[in-house]
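Biologist: Could you take me through this structure before I set up any calculations? I would like to begin with one of the pockets and then turn to the ligand.

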Amino acid sequence: MRFVVLMALLPILSSASLPPPEESYKILFLLPYTTRSHRILHMTLATKLADRGHQITMLTNQAPSSKHPNIYEFTHGIRETDFDSVNCFEFLEEMEEALVPPAFIFEAFAKKLYQIQEVKDIYNKRKEFDVIVLDSYMNDVVYPFVHEMPFIVVCGIGMEPMHSAVMGNVLNPAYTPSMQYLRNHPMSLIQRAVNIFRSIQFGFIYKHWETVPVVQKEINKHFPDLPPILELEKNVSLSLINSHYSLDMTQPLLPSQIEVGAMHCRPGKPLPKDVALWIEEAEHGVIYFSLGSVHRGEFVPANYRNIMIEAFTQMKQRVIWKFEKEVEGLPDNVLIRKWLPQQDILAHPKVKVFITHGGLLSSQETIYHSKPVLAIPLFFDQPKVAAKLQRAGFGIAIKLKELTVPLVVDSLNEIINNPKYAKAVGQASLSLRDQKETPTDRAVWWTEYVIRHRGAPALRSPGADLSWVEYLCLDVLVVVHVGIFTLFWVSKKLLALACRANKKKKTE
Ligand SMILES: *[C@@H]1O[C@H](CO)[C@@H](O)[C@H](O)[C@H]1NC(C)=O
């Protein structure tokens with residue numbers, strides 16, 4: 001009983017609002033290369049800031065989505081950044097491990113972006129803004145904007161060891177898995193060695209080999225006098241990280257690294273009538289199925305689609321499926337919609353399980369709304385997120401290639417009928433919701449803090465000013481080793497000299 005009351009109260013308790021801002025600020029969001037899910041995250045922050053009277057200007061690759069009078073969005077319209085036309089299933093094999101699209105995409109993008117008149121206008125007016133907000137991931141092309149400006153970086157994909165290092169906080173690779181490396185805790189000796197190698201390899205390839213150098217080359221043509229991107233990024237004032245210790249790994253953080261994970265999660269709102277009725281009339285509960293916003297239904301290969309449909313015919317539950325295409329011969333217990341209000345569905349008590357691709361935002365929503373999962377990860381960070389959900393006991397993860405009808409049916413029945421999954425995710429939900437203030441309020445407070453203190457230089461870690469040789473004290477180690485070696489060498493020589501002198505004496 002206490003559990004239920006607490007669940008009901010927490011969202012209300014935690015939405016206690018911030019004191020009003022001192023004045024209205026002008027804030028520039030630069031999101032020229034952002035997926036729809038990251039956009040949701042940035043919009044949560046932008047909307048809350050706009051509600052407080054600040055003026056938001058937003059450069060994006062997506063169609064305008066906000067009707068807020070204080071938010072002005074403009075779309076650059078460069079095709080290379082259009083995720084909707086990408087069929088991820090075509091290069092699933094090669095993409096499973098890849099974390100960054102090929103460099104030529106960024107090259108073309110950097111070339112085009114600064115030729116757009118509206119982008120140039122905003123660039124020339126950038127000093128009128130009080131702060132700039134950008135996404136840490138794959139948005140290196142916007143760094144010219146932040147020259148001599150205070151700026152905040154949002155880590156939409158969660159804790160990024162590479163960005164943390166830029167801020168002067170190198171996360172310990174003994175327990176922090178690199179972005180690509182899926183490992184349990186604790187790692188064995190070999191695993192830790194591989195992890196360190198992978199961490200260095202990824203950072204080196206991204207920053208010094210493939211992505212950043214090609215972007216830098218294009219930037220140099222437009223802005224020959226600016227410091228390099230890798231210098232500009234070091235001047236970051238604050239990072240807002242899409243993680244939380246109750247969801248992810250606990251990490252030692254700087255005061256300038258603020259966890260705002262699950263910022264976009266909110267209590268459920270009433271559902272559209274037809275969907276609400278469908279859910280309420282489900283005698284045995286409902287299964288919700290969505291592969292997120294990037295993987296469009298039309299691209300899902302028919303064999304996988306048929307496995308899921310066949311599995312659903314064997315379930316007692318009703319199924320709500322977010323799918324962008326008509327499907328023929330659907331069983332009676334399946335309802336398809338092009339778009340569905342995911343959080344409002346997950347909030348419904350009749351929903352028993354969420355079949356998800358294991359996107360970071362979906363995984364946060366399922367925990368927030370306390371729903372166990374069947375995860376079918378596709379690529380990018382999804383295998384890692386899915387493995388984490390399974391490890392935490394929130395459900396079962398299946399590889400797409402291993403998908404079969406009996407496996408799906410058995411997994412769904414296990415998740416629905418064994419209470420341990422719902423219990424585990426329910427406990428995680430409680431600790432995620434039990435926070436002093438909402439993650440959005442925290443993000444807003446820190447954003448205004450950076451503005452009030454003109455970049456808040458006091459937050460800056462001295463570690464950020466050191467080269468990696470200095471940071472790891474490699475120079476000190478070299479001096480110590482050379483010192484010890486010299487001492488040995490000199491002693492050995494002296495000893496040899498003394499011996500020879502002794503021998504000479506004896507023979508005389
Ligand atoms: C670094 O940031 C501060 C404000 O946060 C700004 O005043 C300064 O000009 C920036 N330096 C460079 C080189 O961009």
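**Pocket, ligand and selected residues**

Modeller: Let us begin with the lining of the second largest pocket, whose residues divide into 18 nonpolar, nine polar and five charged. Please keep in mind that this is a predicted model.

Biologist: How much space lies in the second largest pocket?

Modeller: The second largest pocket holds about 1200 Å³ of space. Its lining consists of 32 residues, and Met162, Ala165, Val170, Gly203 and Trp468 are the ones nearest its centre.

Biologist: And which helix gives the most to that lining?

Modeller: Helix H7 does, with nine residues. At least two lining residues come from each of helix H6 (161-166), helix H7 (189-209), helix H9 (229-232) and helix H18 (468-471).

Biologist: On to the ligand. Which residues surround it?

Modeller: The ligand is surrounded by His147, Glu148, Pro150, Asn235, Ser237, Arg454 and Gly455. On its own the ligand has 360 Å² of accessible area, and the protein covers 60% of that. Sorted by class, this shell has one nonpolar, four polar and two charged residues.

Biologist: How far is the polar side-chain atom of Asn235 from an oxygen atom of the ligand?

Modeller: The distance is 2.3 Å, from a polar side-chain atom of Asn235 to an oxygen atom of the ligand. For Glu148 the atom concerned is a polar backbone atom, which is 2.6 Å from an oxygen atom of the ligand.

Biologist: Stay with Glu148 for a moment. Is Glu148 buried or exposed?

Modeller: Glu148 is exposed, because its relative accessible area of 56% is over the 50% cut-off. Glu148 sits in the loop between strand E4 (131-135) and strand E5 (151-155).

Biologist: What joins the side chains of Glu148 and Lys127?

Modeller: A polar contact of 2.8 Å joins them. Glu148 and Lys127 are 21 residues apart in sequence, and their C-alpha atoms are 8.4 Å apart in space.

Biologist: Changing topic to the backbone: what is the phi of Ala262?

Modeller: Ala262 has a positive phi of about 65°, although it is not a glycine. Most residues other than glycine have a negative phi. Ala262 belongs to the loop between strand E7 (257-259) and helix H10 (273-280). With a relative accessibility of 4%, Ala262 counts as buried because that value is under 20%.

Biologist: And what about Ala456, where is it placed?

Modeller: Ala456 is in the loop between helix H17 (439-452) and H18. Its phi is also positive, near 45°, in a residue other than glycine. At 5% relative accessibility, Ala456 counts as buried.

Biologist: I also have Arg391 on my list. Where does Arg391 lie?

Modeller: Arg391 lies in helix H14, which comprises residues 382-391. Arg391 has a relative accessible area of 47% and is therefore partly exposed. Its C-alpha atom is separated by 40 Å from that of Thr75, which is 316 residues away along the chain.

Biologist: Finally, the overall picture. How many helices and strands are there?

Modeller: The protein has 19 helices and 13 strands. Taken along the principal axes, its C-alpha atoms fill a box of roughly 110 × 60 × 50 Å. Of the 508 residues in the protein, 52% are buried.

Notes
Residues numbered from 1 in each chain as written. Predicted model: local features only at pLDDT ≥ 70, side-chain atom pairs only at ≥ 80, totals over all residues. Heavy atoms only, no water. 1 Å grid on protein atoms, 1.4 Å probe; cavity = no way out; pocket = protein on both sides within 12 Å on 5 of 7 lines; lining within 4 Å. Points joined across faces, edges and corners; volume = space filled by probe spheres on them. Helix = DSSP H or I, 4+ residues; strand = E, 2+ residues; numbered from the N terminus. Nonpolar A, V, L, I, M, F, W, Y, C, P; charged D, E, K, R; others polar. Near = heavy atom within 4 Å. Polar contact = N/O pair within 3.5 Å; in protein donor to acceptor, adjacent residues only side chain to side chain. Areas by Shrake-Rupley, 256 points an atom, 1.4 Å probe, with all protein chains shown as cover. Buried < 20%, exposed > 50% of the residue type's maximum accessible area, 1.4 Å probe, protein only.
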